[in-house]
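Here's a quick briefing on how two chains meet, plus a few local details worth a look. Have the structure open as you read.

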Amino acid sequence: MGLNSSSFGVFVIFAAIYAAGTLALGRLPIGDIQLKPGEIATPLAAIFGMASVVGLVFGQFIANMASPLGPLDLITPAVAFAGLLALLYLKRYHIIAGVGAYYVITSTWIALLTSAVTGRGDAFFTAFASQGIALAAGTAVYYVIKSRMPEQKTEVHAAPHQ
Amino acid sequence: MEVEHEEHEHEGSPWPAVIGLTVLVLVSGLVLILKGISFELGVGLVFLFVATLAVFVAREVRSWPQVIASFFARLKGTAIPSEPEKVGGVGMPTAIFLFTEVALFAAGFGSYFLIRFSFPVWPPPGVPHLDDFIPRLQTFMLLFSSLAIEYAIFSVRRDRTGAVLAGVVATAVFGTGFLALKLGLEWPHLIFDLGFTPASGIYGSLFYILLGAHGAHVFGGVIALGIVAWRAKLGQFSSRSYGLLEAVSIYWHFVHLVWLLLFAFIYEGALLWTAH
């Protein structure tokens, strides 16, 4: 990932999508569930590769600095990074496998964190539901973009089983 | 050709590095003087900077008309450069330039946090509530501007010259809109309606210094985008030669990245829990 416009641009754009999606749009309430719009961009990392992964993690770090869950939420980007690496690895088998791994890893962490900080009894339900809705929407966006993208070389190798 | 030849003589000149190092000497001298550590040594270091600058100007001033003529020759389309515009990353000069920008804003953010952590409550009492509606719009304007400049890069790699111009112009329009919102709406409201000025205390000073420095960078970026757009209109970029476009693109992304941090810290209360 050298210093060229594409890799740096993808990094900044994904950081901005996550941070702006979370801070500027705010969390979208669906009943008791607080949806983070920035999470919708996550499955797109399967298309845009490692630069987008680093951008998403950085954007999440910026967004979480203003998190109501406090300093512990600054650990979340590291957990998300692990989830995104799993997504990049597993998407070569199927995108759903990659997104599923990210979903399980991040939802479990967010549920534990929310439960520990707020003591809410429904922390696991809300965490899994909000991540599930955001990632389902993101996966739909992934398929739309993938179907419309021109053939080009990216940092990510082509998936053998898609 | 003579113009290009003159310009190439300046490639590899040690003077930018020399001036950069002597600016460090200047700052060291000023710190020694202002902190009262050693007045004589401080004056000596300041004099060293002035002397180096004088030597530089005396040596280089004769070639400046040619350098300026080369710049305008490119804008007129009478000199199409080849060497400095090679494709394949932006190279060391842009990387060094970006490093100085990182250092500048790191110093700004460092000052912000140093002062912030010395206050028990942040923002200090008396500071008006900063509405974040306009900054939210500005955040999305910069996001769209980054997408637009990436569209220009995507297009230039495919030799779509019309799309390159459209992408660059769209980026400049979003950048101008960003400045218009700040200077035409937000700041007049803060200064004239709320009385929140740079003289309103340390918070006001930090607010206007940080956002003013960023705004100046956006303005510089818009000027650079204007030059890139003009040269794109002249058809001076192709899939084999678009170094200037790529350098400006990276600069613009950097300005966008700094805004994300400013938006989080200034308007969204990032890390406010550190004060409690």
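Across the interface of chain B and chain A, the rule turns up zero salt bridges. Keep in mind that this is a predicted model.

**The interface**
- On the side of chain B that touches chain A, the elements giving two or more residues are helix H6 (133-156) and helix H9 (243-267) of chain B.
- H9(B) supplies the largest share of that side, with 12 residues.
- By type, the residues on this side of chain B split into 18 nonpolar, seven polar and six charged.
- In terms of contact, 31 residues of chain B meet 27 residues of chain A.
- The area buried between the two chains comes to about 2,400 Å², and carbon and sulfur atoms give 78% of it.

- Most residues other than glycine have a negative phi, and most peptide bonds are trans.
- B:Asp159 has a positive phi, near 60°, and sits in the loop between H6 and helix H7 (161-193) of chain B.
- The peptide bond running from B:Trp122 to B:Pro123 is cis, with omega near -5°.
- You'll find B:Pro123 in the loop between helix H5 (91-116) and H6 of chain B.

**Rings**
- Over all chains, a search of the whole structure gives 30 aromatic pairs.
- B:Phe154 has B:Arg158 lying over its face, at 3.8 Å from the ring centre.

Technical notes
Residues numbered from 1 in each chain as written. Chains lettered and ligands numbered in written order. Predicted model: local features only at pLDDT ≥ 70, side-chain atom pairs only at ≥ 80, totals over all residues. Heavy atoms only, no water. Contact = heavy atoms within 4.5 Å. Buried area = accessible area lost by both parts, 1.4 Å probe. Salt bridge = Lys/Arg side-chain N within 4 Å of Asp/Glu carboxyl O. Helix = DSSP H or I, 4+ residues; strand = E, 2+ residues; numbered from the N terminus. Nonpolar A, V, L, I, M, F, W, Y, C, P; charged D, E, K, R; others polar. Phe/Tyr/Trp six-rings, centres within 6.5 Å; stacked < 30°, edge-to-face > 60°. Lys NZ or Arg CZ within 6 Å of the ring centre and 35° of its normal.
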